[in-house]
Amino acid sequence: MAGRFPFYQQHDAMDCGATCLKMVSRHFGRYYSLDYLRELTYMGKQGVTLLGISDAAEQIGLQSLAVKTNYERLAKDIPVPCIAHWRQEHFVVVYKVTDRKVWIADPAAGKFKLTREEFIEQWGSDIEEGEPAGVLLLLEPTPEFFAREGEAVNKSGFGYVWSYFKRYRSLLIQLLVGVLLGSLLQLTFPFIIRSVVDVGIENYDLDFIKLILLSQFFLFATMLGVEQFRSWILLHVTARVNISLISDFLIKLTKLPIRFFDSKITGDLMQRIADHERVQRFLTSTTLMSLFSFINILAFGGLLLAWNKVVFLIFLVGTIFQVSWIFFFQYLRRELDYKRFDQSAENQSNLIELINGMQAIKLHNAERQKRWAWERIQARLFRTGISAMRIGQVQRTGAAFFSETKNLLITFVVASAVIENTMSLGMLLAVQYIIGQLNAPLNQLFEFLRSMQEAKISLERMNEIHIQDNEEHLAKEITILPESGDLSLEQVSFQYNGPHSPTVLRNVDLHIPKGQTTAIVGTSGSGKTTILKLLLNIYKPSEGIVRLGDINLGNINNRLWRAKCGVVMQDGYIFFDSIARNIALGDEVIDKKKLLNAVKVANIQNFIETLPLGYNTKIGQEGLGLSQGQRQRLLIARAVYKDPEYIFFDEATTALDAYNEMLIMENLEDYFRGRTVVIVAHRLSTVMNADNIIVLEGGEIVEQGTHEELTYQRGAYYQLVRNQLELGG
């Protein structure tokens, strides 16, 4: 029971809850992909909660119950498998318990048998009735669970890679012919060695030896030519496959919904891209040619069997021991590989944070603290690397021991046969040559298998991205915008991380007429930016409908809708590129007339034209540094350049001084005429001229009307205005 419990490794640092659920459901006979379970658990960047796992379990037909209990009850009364809250930050599956031992499946590290004390140390979170107690999620299958078929087992891997090779079928056939020809030529060498010794040397026939060696030279030259031909074809094919693999991965990444990136740590995505390098090494290195060494093993193995069955048997038994030893350690290497992936992802994120946050670090004298945090990650990486190196050394040493023992035994057997005159000296040399030709391909094949395992793990992690649903489903989406362009929210509620997370919007009814300016105001955290993201279809409402005209916005093609929208978000990104290309983002050929109009409206023309390179000046993290006000004006210019029908501004002028804001708002008022505008802002000067002002509090609309109407009511809007005036804002 304990040994047969299914185990799956988590692919991301935050996947533990979904992976535990995957193991439990597989134990009960149903397979669900990690991606599907991850969505059901409402996983965010901080991982999942026990409540999220419980909800996901109920969705697939598992009855769940969260309990806090002690070890005695766990050992006697609690049904397993169950999910345990581990170290207050992680989840593991408990799948067998006795009075003194616990068997757990840790999705981050593997399957372990722990003593009672070791288990309690990491599981216990509280003291109840004088004993340590911890939290468990009990899971039992219901008839609904068995009524479901689950999902088809995902067999992604080298079949996926092979689909890229199919288009080069003719070249691969040529490659196979080259391999067969090379093996056939190599197969003649034992016969040549035997002839030289048993015929040429024994009969003192120098002319025969010259003839044989000359033939061997031409055969060797032919083999070199065949090898060059094979290498060229392999390089030609694999280089193109590598480019296609990485290109398709990036294409897929750009097709994912924006909300996907909210639940991903940057380091995890960077590590997945780095995983392509392992697949690339596997495809382009000589280890791929080791696959074809299998033909040599069959050919020389068959010849050895025909010549001497005893020697063949010794070689076969020694090889079986060698292979068994290597495969035993491959499982351990796999576990370490996943651990190293998580640590490398954390290291990537830490380094990015360290570089991007250097100003804040230095201003707060936090250099030592951040350096220590980085060094702690390096220490964990070092320990994992040492463990991997130790396993590799033991694996190689054991394999070398079995190989050398096998070779010595064979040498003893054939030497004894020569002494006893049951084997000629030429046959001895030929057999030794065959053993050498078998050992080299075997070692290559072992290296190939190790590299293949690494590539397979990388493909599994990359597949986590490929199986995600695209943001767009062209077959299901409406590709024509309705004539009536009003925007409306009907009884919309929204929660970022599932039904048990805080409600950001609650039963919002909102109508935004086409061609008018609507402002949304409220205190921080009231849901203003969330409404904008719902209107841009970045998120779907938890309840209710967002409409464009009479059509559900979620059914409209996103590219079509966003092509009509000019957007300035609080965290708008400036790319390392020229000013012109940052403004004309998305256009390969820049429309200079539109560019000039955009910089005039955003009041940034004078600044740009004073720069030595003008519009060609490189900006972004690696280029010219911009002030926050200049960044905002650039983002406004980017939105204006699109000449959109709908404009969405999220605190677009907060970093501007009063004079620049006044000039830009005057320009924008002219530009806004005839367009549908939604402005989220704190500043009175930005919203007071809006046709309608929406006041949000706690995710609900509490007031709406014009500036004059709301001021006269002396309600929530009036308080916001008064507070701002008192603060001099």
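I take buried to mean under 20% relative accessible area, exposed over 50%, and partly exposed in between (1.4 Å probe, protein chains only). Helices (H or I, at least four residues) and strands (E, at least two) are DSSP runs, numbered from the N terminus.

The model is predicted: local features need pLDDT of at least 70, side-chain atom pairs count only at pLDDT 80 or more, and totals for chains, interfaces and linings use all residues. Residues are numbered from 1 along each chain as its sequence is written, and side-chain values use heavy atoms, with hydrogens and water left out.

Entry 1, helix H21.
I looked up H21, residues 592-601, and found Leu-595, Ala-598, Val-599 and Val-601 buried. Down the axis of H21 these buried residues fall within an arc of 160 degrees, so they line one face of the helix. The arc is taken from the directions from the helix axis to the C-beta atoms. Lys-592 and Lys-593 are exposed, on the face of H21 turned away from its buried side. The cover over the buried residues of H21 includes H20 (579-583), H22 (605-610), H23 (628-641) and H24 (658-672).

I then checked how H23 and H24 pack: the angle is about 5 degrees and the axes are 13 Å apart. Axes are lines fitted to C-alpha atoms, for helices over the stretch in contact, and angles run from 0 to 180 degrees between N-to-C directions. H23 is therefore roughly parallel to H24 (angles under 35 degrees count as roughly parallel, over 145 as roughly antiparallel, 65 to 115 as roughly perpendicular, the rest as oblique). Arg-633, Ile-636 and Val-640 of H23 make the contact with Asn-660, Ile-664, Leu-668 and Tyr-671 of H24. Contact means heavy atoms within 4.5 Å.

The axes of H16 (residues 367-419) and H17 (residues 425-466) come within 10 Å and cross at roughly 165 degrees. I therefore noted H16 and H17 as roughly antiparallel to each other. Among the residues making their contact are Ser-403, Ile-410 and Val-418 of H16, and Leu-428, Ile-435 and Leu-442 of H17.

Is Lys-22 buried or exposed? Lys-22 is buried, with a relative accessible area of 10%. Lys-22 sits in H1, residues 16-27. Not counting residues up to four places away in sequence, Lys-22 touches Tyr-8, Tyr-31, Tyr-32, Leu-34 and Leu-37.
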